[in-house]
Amino acid sequence: LDGFGGVESKERKALLDQVKSFIDSHGASRFEPMEGTDRPVINRAGFVLKRDSDQGRDYLILPSVFKGEVIAGHHQRHATAWLIDEGLLIPGADGKSSQKPRIPALNCTQRVYVIRIGDDV
């Protein structure tokens, strides 16, 4: 185990791969653009916000999807801490690992986990 960086290192890598794979697999189909869309989003996982030109996208993931699919098989507290350490999960100003932004498509605020993916990923 020491030769592979220990158990935590392997788990962290597996988690990062799992999160990136979820976004790669479902980014275009299960995330509704924050600006709205003219097509229905089936089995919505959350919302996507395109950032300035070359800064990538923020994926606002609904809590049930985040826990049940995105980090499935990982302890939530460890997973969120690791994702924050890696700069993928953007915590809220209130110190929580999730945020509560206004979602125009829902016309309300909604607690979500914000995964930031740069264009270079």
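Three aromatic pairs are counted in this predicted model. In one of them, the rings of Phe 22 and Phe 31 lie with their centres 6.3 Å apart and their planes at 85°, so this pair is edge-to-face. Another pair, Phe 66 with Tyr 113, is stacked.

**Phe 22, Phe 31 and Tyr 59**

- Ring pairs join Phe 22, Phe 31 and Tyr 59 into a cluster.
- Phe 22 is buried, because its relative accessibility of 8% falls under the 20% limit.
- Phe 31 is also buried, and its relative accessible area is 1%.

**Phe 66 and Tyr 113**

- The ring centres of Phe 66 and Tyr 113 are 4.0 Å apart, with 5° between the planes.
- This pair links distant parts of the chain, as Phe 66 belongs to helix α2 (residues 63–70) and Tyr 113 to strand β7 (residues 113–117), 47 residues apart.
- Phe 66 counts as buried at 0% relative accessibility.
- Tyr 113 counts as buried at 5% relative accessibility.

**Ser 98**

- Ser 98 sits in the loop between β4 (89–90) and β5 (102–103).
- Although it is in a loop, Ser 98 is buried, with 5% relative accessible area.

Terms used
Residues numbered from 1 in each chain as written. Predicted model: local features only at pLDDT ≥ 70, side-chain atom pairs only at ≥ 80, totals over all residues. Heavy atoms only, no water. Helix = DSSP H or I, 4+ residues; strand = E, 2+ residues; numbered from the N terminus. Buried < 20%, exposed > 50% of the residue type's maximum accessible area, 1.4 Å probe, protein only. Phe/Tyr/Trp six-rings, centres within 6.5 Å; stacked < 30°, edge-to-face > 60°.
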